[in-house]
Amino acid sequence: MNAITRLPFLGELEEGADDRFHTPEREGQRRRYRTIWISDIHLGTRGCNAAMLIDFLDNVDSDTIYLVGDIIDGWRLKKRFYWPASHNDVVWRLMKRAKRGTRVVYIPGNHDEMFRQFTGMSFGGVEIRRKAIHQTADGRKLLVLHGDEFDTIMLAHRWLAFVGDAAYTTLMRLNVVVNAVRQRMGLPYWSLSKMAKHKVKNAVSFISRFEEVVAHEAGTRGVDGVVCGHIHNAEMREIEGIEYYNDGDWVEGCTALVEHGDGQMEVLHWADEIAKRERAERAERDAKVRMAA
């Protein structure tokens with residue numbers, strides 16, 4: 001917990017968001033959504049793709065935003081303190097959303113479980129909840145929780161979860177190196193760890209079983225669907241009559257779940273969105289060059 005108390009924003013939470021950013025906020029028109037869900041950011045780790053998340057936050061807006069756990073990686077911070085300016089920029093952007101009137105609901109996960117003791121409280125306009133019920137624009141009720149409650153590894157073999165976390169951290173470090181090289185070569189973001197996970201049969205089986213267990217539990221609670229994070233695998237599918245949504249993560253897939261004004265749900269793959277935007281900008285520049293020639 002000592003490492004957590006060193007985070008620069010904690011002493012100022014009640015004062016609201018600061019206007020000073022290391023990376024200035026983007027000005028201009030933003031896409032508008034009714035609701036946004038993001039999770040598994042893992043601030044405090046080198047694997048966190050803060051730059052891409054900042055780009056996302058600077059290009060979208062919403063009435064409500066759910067932070068669905070593992071926002072800050074307390075496990076990693078206890079071992080080694082790592083907190084670059086870009087991670088502070090992410091926090092201040094979220095705090096500023098709350099200050100502007102966006103409803104921000106924070107549901108801590110297993111990596112940031114130290115914040116679960118504050119359930120029911122509000123800091124800087126950010127509500128801390130153990131779980132939530134969200135009603136979509138078209139009247140469906142969705143249970144929102146992190147999902148570690150249904151992870152049998154976390155429940156039965158906590159020590160194994162920590163071993164797995166160490167192996168995953170090593171893979172994420174390789175992921176940073178791989179994408180640094182790809183960036184120099186002008187190639188888009190690509191997740192080494194995501195590819196590896198989907199190539200391992202046991203991992204694919206675990207993901208499928210996890211989704212089924214979460215959907216079944218949601219069904220027993222009388223809701224229409226469930227939104228979670230935890231397994232870093234963005235997904236939208238129906239399981240036994242229950243709508244299952246996973247908003248993914250910001251270390252591998254860099255995804256968010258959004259609700260449009262009419263209740264339609266969509267997973268945004270932000271690396272693809274950036275690549276699409278850059279192609280459009282290049283095409284516009286090329287068109288201007290041709291016109292000037």
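This note goes through a predicted model point by point, from a sheet and a helix to aromatic pairs and nonpolar cores.

1. The sheet. Five strands form an open sheet in the order β6-β7-β8-β10-β9, and their pairing is mixed. At the edges stand β6 (132-135) and β9 (235-239), each of which pairs on one side only. On average, neighbouring strands of this sheet are turned by 25° against each other, direction ignored. As background for the next two points, the strands of a sheet pair through backbone hydrogen bonds, either parallel or antiparallel.

2. The antiparallel pair. Strand β7 (residues 141-144) pairs with β6 in the antiparallel sense, over four bridges. Two positions may be followed in the structure: His134 stands opposite Leu142 in β7, and Gln135 has Lys141 in β7 as its bridge partner. The hairpin of β6 and β7 has five residues between the strands, and Gly139 takes a positive phi near 90° in this hairpin.

3. The parallel pair. With strand β8 (residues 225-228), β7 pairs in the parallel sense, over three bridges. Here Leu143 stands opposite Val226 in β8.

4. The length of helix α4. Helix α4 (residues 85-100) has 16 residues, which at 1.5 Å a residue should span 22 Å. Just after α4, Gly101 takes a positive phi of about 115°.

5. The structure holds five aromatic pairs. One of them is formed by Trp37 and Tyr66, which are stacked, at 5.7 Å centre to centre and with 5° between the planes. Because Trp37 lies in strand β1 (residues 31-38) and Tyr66 in strand β2, the pair ties together parts that are 29 residues apart in sequence. Trp37 has a relative accessible area of 0% and is therefore buried. Tyr66 has 1% relative accessibility, so Tyr66 also counts as buried.

6. Phe118 and Phe123 form an edge-to-face pair, at 5.4 Å centre to centre and with 80° between the planes. Phe118 counts as partly exposed because its relative accessibility is 25%, and residues count as buried under 20%. Phe56, Trp250 and Trp270 form one aromatic cluster.

7. In soluble globular proteins, nonpolar side chains tend to be buried together. The largest nonpolar core of this model has 40 residues, of which Ile38, Leu43, Phe56 and Trp250 touch the most other members. At least two residues of this core come from each of β1, α2, β2, α4, β3, β5, β11 (255-259) and α9 (270-292). A second core of 15 residues is separate, and Leu145, Val214, Ile231 and Ile239 are among its members.

8. Points to connect when viewing the model. Phe56 and Trp250 belong to the aromatic cluster and are also among the residues that touch the most other members of the largest core.

Note on methods. Residues numbered from 1 in each chain as written. Predicted model: local features only at pLDDT ≥ 70, side-chain atom pairs only at ≥ 80, totals over all residues. Heavy atoms only, no water. Pairing = 2+ DSSP bridges. Axes fitted to C-alpha atoms, helices over the stretch in contact; angles between N-to-C directions. Expected span 1.5 Å × (residues − 1). Phe/Tyr/Trp six-rings, centres within 6.5 Å; stacked < 30°, edge-to-face > 60°. Buried < 20%, exposed > 50% of the residue type's maximum accessible area, 1.4 Å probe, protein only. Core = buried A, V, L, I, M, F, W, Y, C linked by side-chain atoms within 4.5 Å.
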